[in-house]
Amino acid sequence: MRTCYGSVVNRAFAVLALTAAVAGSAHAQKTSPTPRPADPGAATAALERAVARYSDGSAHSAAFVQIYTPSGFATARREAGTVVIQTPQRVRFDYTAPEKKIFTYDSGEGRFFSPEDKQLTVRRLSEDEKSRLPVVFLRDPADLGRQYEITVDPADPSGISRVLLTPRVGRPELAWLRLAIDKDGSVRELSYQDTAGNKTEFRFEAWQKGKARPAADFRITGPPGTRIVEN
């Protein structure tokens, strides 16, 4: 087993499938994107477009690029693969570069499989960890409004609305979360930052709608001989 395995698993669950573990304290300085004009109606409308698009029971898939930038560093780590989201709250990330691995989420439980290590790690995710998954696309805007202050930029010429969610109660693991939502409800970007300044960004391309996938696709078990670790 590689010596870096422990840190890889921590990153997988702490910042959504293999980003780096939260590296600061709750007292670290909080940074946030440029303040946005408050327009609850426009923000709600954008979020409702996303909910309408992704909550039809189909399997929605896209190619993604994940970019992780540690606080204080200019160099970012890039990973890529495909993602699938499906109601009620199911997610699957298949990473293909720079190495293969799988992360799934269903019913509050995250599963991370590393083919190279032949190990499956199973973990109940915290509320902050779940909020950073694409299941946020499926959340009722009214529910989000109770947990976050929601603001939005005016839509750009292409029709994309950039919605910023800032926790109403301070959280060391999440300073802000931002969604870029197209006029058809598709989500182009999901980004977030913790209070230590570590930033993660997902860029999605070419969303496609397909037949619903079986529940087992979102609760991976690994091939025979896989070592299972629960934490």
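**View 1. Arginine 92 and aspartate 94 form a salt bridge in this predicted model.** Their closest N and O atoms are 2.8 Å apart. Arginine 92 counts as buried, at 13% relative accessibility. Aspartate 94 is buried too, at 19%. The cut-off for buried is under 20%.

**View 2. Strands β2 and β3 run antiparallel.** β2 covers residues 77-86, and β3 covers residues 90-97. The two strands are joined by 7 bridges. Strands of a sheet pair through backbone hydrogen bonds.

**View 3. An open sheet holds 12 strands.** Their order is β7-β8-β9-β10-β11-β1-β2-β3-β4-β5-β6-β12, and the pairing is mixed. β7 (148-152) and β12 (227-230) stand at the edges. Each has a single partner strand, so one side of each lacks a neighbour in the sheet. Neighbouring strands are turned by 20° against each other on average, direction ignored.

**View 4. Arginine 53 forms a salt bridge with aspartate 184.** The closest N and O atoms are 3.5 Å apart. Arginine 53 lies in helix α2 (residues 40-54), while aspartate 184 lies in the loop between β9 (176-181) and β10 (187-193), so the pair ties together parts that are 131 residues apart in sequence. Arginine 53 is partly exposed, at 25%. Aspartate 184 is also partly exposed, at 44%.

**View 5. Aspartate 143 and arginine 146 form a salt bridge.** Here the closest N and O atoms are 3.7 Å apart. Both residues lie in helix α4 (residues 141-147), 3 residues apart, or about one helical turn. Aspartate 143 is partly exposed, at 24%, whereas arginine 146 is exposed, at 60%.

Terms used: Residues numbered from 1 in each chain as written. Predicted model: local features only at pLDDT ≥ 70, side-chain atom pairs only at ≥ 80, totals over all residues. Heavy atoms only, no water. Pairing = 2+ DSSP bridges. Helix = DSSP H or I, 4+ residues; strand = E, 2+ residues; numbered from the N terminus. Axes fitted to C-alpha atoms, helices over the stretch in contact; angles between N-to-C directions. Salt bridge = Lys/Arg side-chain N within 4 Å of Asp/Glu carboxyl O. Buried < 20%, exposed > 50% of the residue type's maximum accessible area, 1.4 Å probe, protein only.
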